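Here's a quick briefing to read alongside the sequence and the 3D view. Have a look first, then the notes below.

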Amino acid sequence: MNQRHLILVLCPLLAVLVAVSAFAAPRPATLSAPAAGDLVSGEVVALDAGAASGLVPTGEVPREPAVFTFPLAADTVVESPRPFAATSTGYFVDVAAAELRTGTPLHLTAPGAIVRINPAPGAGLRGAIDPSGLVLVAADGRRLAAGAGVESLVSDDALIAAGMPVLAGTVAFRVADGVGVGTVTLAAPSLRASGAYQVHVHEPASDVVLTLRTGQVDVFHGSRVDVEMAFETAGRALAADRVEAFVTSPAGRAWSLGLRRGADGLYRGSLAIDALEAPTPGLWEVHVATRASLDGLTAVRSGRTAFGGHLPTAALDGTATVERGRGGVVIDLGVTVGTPGRFEARGVLYGTADDGALVPLASGHGADFLAGDGTLRLTFDAALLDASGLRAPFELRALQLADQGRMGILHRQAMGLTID
Amino acid sequence: MVRLLVTVAACLLLWTPASANTGVAFVHGTGNQTDALNDYWTSEMVNSVRQGLPNSANYTVINCEFEEYMWDARAAGCLAGQLTSFISARGITDLVVITHSNGGNVMRWILSNPTWDSRYPDIIAKTRWVNALAPSSLGTPLADAVMSGTLFEAAVGWLLGYQNDAVRMQQESWMAYYNSTWLYGTSGRPALPKGFWNVVGTDVETAIWDGDSYCGGYTLNLGLEITQAWLDGCSDGFLECTSQNGAGTLWFNDTQYTNGDEPLSHNQSRRKCFGLDVILRNDL
C-alpha cells in the first residue's frame, strides 16, 4: 500500500464519525472589515436586459442552489492572490515583405537567439518563406552564404507537432554563435509573396529582461489598474529610448497607457478601466514595447501580462447569519445583487487546534441564482468538524464571491468572519 | 439535513471496497478531438493501460473541444457529459482519470468548481484520483510566444482569432490568474478535493542516432529541440517541469520509473514509451 492508497483508506473514517444533530438557532454576524489587499466593490451595477444576459444567457445558467464542501489538510497554506510578474527576453516587429526581401534588422544582445518568422494571420502557406534562402549579414558587415549561420531550422509542421501552435508558413531557427551580436540583418531575397510578416526574436541567453506586472489581480469597472515595468540588464535599470504601452479588454478594445520612469528606474502608469462592453470571456492585458541603447547595442523588448476586469454585478453586503451546533456550522452570507445571475461564495474554514493555533479545516462552496438581494450558504458538516479534531473559535478566511455566468470575481477578503 | 447527507455520501463514495467497479478515463490535451484513441493516445497505449482494470472494458477515451477555454461547455461541459455517461453506463464507482497536458486544466476546473455544474459533484465523488501526465498547470512560455502580436493591429483584430482560446489561456500570466481565482491545487491555494498526481517530463532526446527519440514518432519530436529554447533546463519540450508540477502533487519525474531512465518528451508522455503504459496500468 503506497501513500496514495493510504490516503484513500483514511477517508472512510470520516464517514464513521458522522453524527447528525440539530443546529442551534442562527445568529446574526458581521463580516470583518476589509483589509489592504482585499477586493471590495463600492456599488453594484444594474445592467440593462440585453447586457444582463452576460457570458452565459441567464436562461441557461443553472437555477438550482448548490453546496459543496471538502476537507483540507491542516498544513494547507492559503495566501491572498498576488499579481503575476511577466518577464520577456524577446520582442517582435512587423515587417513588410519588401523589407524582408532586402533585409530587416535583428537587434541581438546575446548569442543563441531564436528567430521566428511568420506571415500575417490568414496568409497561410502562400506567404511561406523558403528557409534555405535566408541570408544573414553580421553586425560587422560579413554577408553569410544563404542558409549559413542558421541552425536547427524547423518549419510550422514540426513546431505544431511539438505543441507550439504557430501560424501556417512559420519558420524558426537558432542564430549560430559565429554570427555574433549587435544589429544583424536578416533577408529573404527569394521571397515572392507580398503582405506583412512578423519577426520574433527570443534571446534566452540575454541579460536584458523586461518585467511587467500590474498592481492588482482584479480591477472593477471605473477603478484603476496600476502598471509597473522594469527594463533591466543584469539587474541594472535601463533608460528606455522609447516606451509604447496599451491596455486591451477581452472584447479587443484598446487604450493607450502612459508609463513614466521613476527615481528607482522603474516605469509606472495607471489607467481607469471601462468594462462596459459586450461580455467576452477572457482577461484584460497590458502590452508594452520598449528599446534602449546598451553599450553600443540596441536592446529591444516587448511583453504582456494579464489581469481580471469585472463589472460588480453583486457584492457581499457584510452581513451573515451563523448556525452552529452539534450539526456543524452553516453560514448564510448576505448578497446585494445589481444584476441577476448565478453567484458563488467560497471560503476556507479554519478551526482551533489544541495548541490554540487556527488551522485550515475545509473548503466550502455555495452557489445560487439570485434575481435580487439574497443569501449564499456555506455548510461545514459535523463530520468534517469532528474528523478534523478542531474546535471553536472558527474563522472563515479566503472568502470570495464570483459571478459564475460572467466569470466575474466580485469580492475577495482574506479574513471574512470569526465564529465563536 | 439534505446537504449534510450529501456531503457524507460523497465521502463514503471515496471508499474503495473490494466490490468497487473501477474504470479509467483518458482525457486529451489542447485540440478538438473526434478520435482521440487513434489520433492522440494511440490504441496500443490505451489497450495496454486498461489491462490493469479488473474489467478491461471499463474505459473511455474522451473526445471534446479543448480549443476552448477550460470552463466552456464544449470543454469542461463536454468532459463532464462524457464522464457522467461513462460512469452511468458502466456503473463506475471508482474512477481513475488520466489526463495529458491541458486536459489536466480542464479536469482541474471540474474539481475546483463543484457548484458550477450539477454533474460535477458526482464526478468528483466517483473520482479516485487524477493521474496528470505533463499537465500545463502554470501555462507555458510557448503559448506566450505564439500569442505575441503586433501592438496596434492587436487592437483591431489580431488579438481575436490569432490563436484558439485554449492556447490563449495557457499563457503564463493567464494561468497565474486562473490559478489564483478559479482553480485550486497550486501553491498558496486550497488543495483539490481529490488527488492530482503529476508525471513530469524532464528532458527531450532528439538525437537522430538514438532509437529512443523515435518512440512516439521522431518527426513529432523534431520541433521540440527548438522549442526548448523558450523553456528552462528542466522541460519536456513544451512545458517546464515547474508547470507540470505546479498543481497537485508530484507522482514521479519520468526518469525515476521509466525503462532505461529515459525522459518523456511532451509527445511521449501520451504514448506507449519506456514503460509508461505499464506504470499507469499497475496504478489501476
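How much of the accessible surface of chain A belongs to carbon and sulfur atoms? The answer is 54% of about 16,600 Å², with areas from the Shrake-Rupley method and a 1.4 Å probe, where only the protein chains shown count as cover for residues. Bear in mind that this is a predicted model: local features need pLDDT of at least 70, side-chain atom pairs count only at pLDDT 80 or more, and totals for chains, interfaces and linings use all residues. Side-chain values use heavy atoms, without hydrogens or water, residues are numbered from 1 along each chain as its sequence is written, and chains are lettered from A and ligands numbered from 1 in the order in which they are written.

**Chain A overall**

- Chain A has 5 helices and 29 strands, taken as DSSP runs numbered from the N terminus (helices H or I, at least four residues; strands E, at least two).
- Its radius of gyration is 28 Å, well over the 22 Å that the globule rule gives for 420 residues, so chain A is more spread out than a compact globule; the radius is taken over C-alpha atoms, and the rule is 2.2 Å times the number of residues to the power 0.38.
- Along the principal axes, the C-alpha atoms of chain A fill a box of roughly 85 × 60 × 45 Å.
- Of the 420 residues of chain A, 53% are buried (under 20% relative accessible area; exposed is over 50%, partly exposed in between; 1.4 Å probe, protein chains only).
- For contacts in chain A (heavy atoms within 4.5 Å) between residues at least 6 apart in sequence, 73% join residues at least 24 apart.

**A buried helix in chain B**

- Helix α5 (residues 103-112) of chain B has 10 of its 10 residues buried, so it is largely enclosed by the rest of the structure.
- Among the buried residues of α5(B) are B:M107, B:W109 and B:L111.

**Salt bridges**

- The whole structure holds 26 salt bridges over all chains (a side-chain nitrogen of Lys or Arg within 4 Å of a carboxyl oxygen of Asp or Glu).
- A:R346 and A:E344 pair up at 2.8 Å, N to O, and both are buried.
- B:D277, buried at 3% relative accessibility, forms a salt bridge with B:K272 (4.0 Å, N to O), and B:K272 is partly exposed at 37%.
- B:D277 also bridges to B:R281 (4.0 Å, N to O); both lie in helix α14 (residues 276-283) of chain B, 4 residues apart, about one turn of the helix.
- Elsewhere, salt bridges that share partners join A:R213, A:E228, A:D264 and A:R268 into one network.
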